[in-house]
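I opened the notebook to record what I looked up, one entry per topic.

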Amino acid sequence: MSREILTVVETVSNEKGLDPEDVFQAIEQALVFSTKKKVYTEQPEVAIRVAINRKTGEYDTYRFWTVVADEDHEMPACQKAISDLDENEYQIGDVIEEQIESIEFGRIAATQAKQVIIQKIREAERALIADAFEARVGELVTGEVKKQSRDGYVIDLGDGAEGYLPKDQALPREVLRTKSRVTCLLAQVNRDNRGSQILLSRASKEMLKALMTKEVPEIGEGIIEIRDVARLPGLRAKVSVKTHDNRIDPVGACIGMRGTRIQAVQGELDGERIDVVVWSDDAAQYIISALEPADVSSIVLDEDNQTADIIFATNDQLARAIGSQGQNVRLASDLTGYKLNMMLESEYAERQATESQAIIEMFYERLEVDKDLAEALVEVGFKNIEEVAYVPAETFYDIEGLDDEVIGMIQERAKEVVIADELLRQQNIKEPSGELLALEDMTPAIAYKLAERDILTLDDLAEQAIFDIEDIEGLGSELAGKLIMNARQSWFD
C-alpha cells in the first residue's frame with residue numbers, strides 16, 4: 001500500500017498541478033474518515049490522526065484524547081478527565097496519544113481521498129485565480145453575464161474565472177442580460193473558508209476613474225491628474241482634473257475632439273452624464289467651477305466649518321446651479337467637500353441684514369453702548385465680542401468720535417464679557433469618562449463633543465445610532481460607525 005500511496009501522490013500532483021503535500025494531507029484525511037467509519041461507527045466524535053511518511057508512503061494511525069477539567073468531561077471518546085490521570089504527569093490541555101492498528105488504503109479510503117483531492121483541486125484552482133486577479137484590483141475587466149441572481153450577477157471572466165457584480169454595484173437603470181458583454185472594475189478579491197470571490201463594480205468612483213484613464217491617454221501618462229470624483233451612478237457625475245503641463249487644456253483633453261472621449265465613457269456607463277471641471281487649490285474658484293453651467297454672482301466661504309454661501313443674481317441661474325432633482329449641487333458639494341447654501345442676492349441681503357441687526361442688539365446689550373455706536377461697530381466689520389476685545393486699537397479709528405480713552409473703555413468691557421462667558425462655559429463643561437477617552441479610534445476633541453450631547457460613557461455611546469452623531473464636526477458616518485461598534489464591544493467582553 002505504501003507504493004500505491006506514493007504513486008497516487010505523484011500522479012495527482014503532476015496532472016493537477018497540486019503541491020504533493022496537499023495530496024498527502026488529502027489521503028490522511030481520507031484514512032481518518034475511513035478509520036472512523038470502519039472501526040468507530042458508534043463513536044463519531046472519536047479523535048483520530050493519520051501520519052504518512054512522505055518518503056516511504058508507510059503510515060501510522062493514532063487515537064488521541066485531550067485532558068480536560070472534570071466539569072468539562074462531556075465527550076469521553078476524545079476527552080479524559082484530569083481526575084482520572086496522574087496530575088503530576090498531565091495538565092489540562094495536554095494531548096494523550098495512542099497508536100492503533102491502521103486500516104488498509106482500500107476502496108473506501110481511495111474514494112474518500114478522491115473526493116478530498118477534488119475539493120483541494122478546486123480550492124487550489126480558486127486560489128490561483130484569486131492570486132492572478134488580486135494583482136489586478138483597480139483595473140477594468142470585461143466578461144460575459146453568466147447568470148443573474150436576486151442579489152447580483154455572475155460574470156464569466158474567462159479561463160475558469162468568475163466574478164460577482166452585486167446589484168448595488170450595478171447601474172440602477174441598466175438590465176444585464178445573459179450572454180451580454182459587460183465591463184466592470186475589479187474592486188476586491190475576498191478570501192474566506194469557502195474559497196475566493198472576485199467582486200466587481202460599475203457604480204464606484206474608481207470605475208469612472210479607470211474608464212477616464214483608458215479613454216484619455218494623457219491621464220495614463222500622468223500629464224493630467226484626476227483630483228476628485230463625485231458620482232450619482234447611472235445619472236450624472238463630476239470629475240475635477242488638473243494638468244501638469246500648462247500647454248494642455250485638461251478639460252478639452254478629457255472631452256476629446258467633438259466629445260468623442262467623454263462620449264465613449266458615457267456610453268460604457270449607460271449614458272451617465274459626466275461634467276469635467278478644472279481643479280483649483282482656491283476653494284472659491286473650485287466651487288464656482290464645480291457648479292457649472294450656472295453663473296455664480298458671489299461666494300462667501302467659511303473654511304473652518306467647510307461651508308459656503310453661494311449667491312446668484314437670478315432665479316434662472318439658481319435653478320441651473322441646483323440642477324434636476326438637486327443633482328448638480330449635490331455633486332458639486334461632494335466634489336469640493338463643502339456644504340453649499342444656495343440663495344438669491346435678495347435673500348442673502350435680507351439674511352445679512354437680519355444677522356447684522358442681531359449683532360447690533362448683542363453689542364448694545366452686552367457692551368452697554370448706545371445703538372449708534374453698536375451700528376458703527378458692525379459697519380466697520382466687527383462680528384463678535386472677542387474681536388472687539390482683542391483687535392488693535394487702531395481698528396476703531398474708522399469710527400468717528402472715538403478717542404483712545406473711549407476705545408480703551410470699550411475693549412475693557414468686551415474683555416470682561418469674554419472672561420465671564422469663558423468662566424460660565426467651564427462651569428458647564430461635561431467630562432467624558434476615562435474609558436470613553438481611551439476607546440480605540442477616539443480623540444479627545446470628539447470625546448468632549450460627545451460629552452456636550454450627554455454621551456459620557458461607553459454605554460452611552462454604544463446606545464447611539466450612526467445618524468445620531470455623524471453630524472459632529474470631525475466625525476462623519478464611517479468613523480461614527482467604528483466608534484459605536486468599538487463601544488459595543490464592551491457588552492461582549
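**Entry 1: a proline in a loop.** I looked up proline 293 and found it in the loop between helix H8 (283–290) and E13. The model is predicted, so I read every value here as a computed one. From glutamate 292 to proline 293 the bond is cis. Its omega lies near 15 degrees.

**Entry 2: a glutamine in a loop.** Next I went to glutamine 325. It sits in the loop that joins helix H9 (315–322) and helix H10 (327–336).

**Entry 3: H8 with H10.** How far apart are the axes of H8 and H10? I found 9 Å, with a packing angle of about 150 degrees. The crossing of this pair is right-handed. On the H8 side I listed Tyr286, Ile287 and Ala290. On the H10 side I listed Asn328, Ala332, Leu335 and Thr336. I sorted these contact residues by class: five are nonpolar, two are polar and none is charged.

**Entry 4: H4 with H7.** I turned to another helix pair, H4 (residues 205–215) and H7 (residues 260–268). Their axes come within 9 Å and cross at roughly 140 degrees. Are H4 and H7 antiparallel or oblique to each other? Angles over 145 degrees count as roughly antiparallel. The angle here is roughly 140 degrees, and H4 and H7 are therefore oblique to each other. H4 passes H7 in a right-handed crossing. From H4 I wrote down Leu208, Leu211, Met212 and Glu215. They meet Arg261, Ile262, Ala264, Val265 and Glu268 of H7. By class, this contact has six nonpolar residues, three charged and no polar.

**Entry 5: the largest pocket.** Last, I looked for pockets. The largest one has a volume of about 440 Å³. I counted 16 lining residues; closest to the centre are Val300, Tyr348, Gln352, Glu355 and Lys383. Which elements give two or more residues to the lining? I found strand E13 (298–302), strand E14 (307–312) and helix H11 (345–366). H11 gives the largest share, six residues. By class, I noted seven nonpolar, four polar and five charged residues in the lining.

Definitions and conventions:
Residues are numbered from 1 along each chain as its sequence is written. This is a predicted model: local features need pLDDT of at least 70, side-chain atom pairs count only at pLDDT 80 or more; totals for chains, interfaces and linings use all residues. Side-chain values use heavy atoms; hydrogens and water are left out. Axes are lines fitted to C-alpha atoms, for helices over the stretch in contact, and angles run from 0 to 180 degrees between N-to-C directions. Helices (H or I, at least four residues) and strands (E, at least two) are DSSP runs, numbered from the N terminus. Angles under 35 degrees count as roughly parallel, over 145 as roughly antiparallel, 65 to 115 as roughly perpendicular and the rest as oblique. A crossing is left-handed if the near helix is turned anticlockwise from the far one by less than a right angle, and right-handed if clockwise. Contact means heavy atoms within 4.5 Å. Ala, Val, Leu, Ile, Met, Phe, Trp, Tyr, Cys and Pro count as nonpolar, Asp, Glu, Lys and Arg as charged, and the others, Gly among them, as polar. On a 1 Å grid over the protein atoms alone, a cavity is a set of points where a 1.4 Å probe fits but cannot get out, and a pocket is an open set with protein on both sides within 12 Å along at least five of seven lines; lining residues have an atom within 4 Å of a point. Grid points are joined across faces, edges and corners, and a volume is the space filled by probe spheres set on the points.
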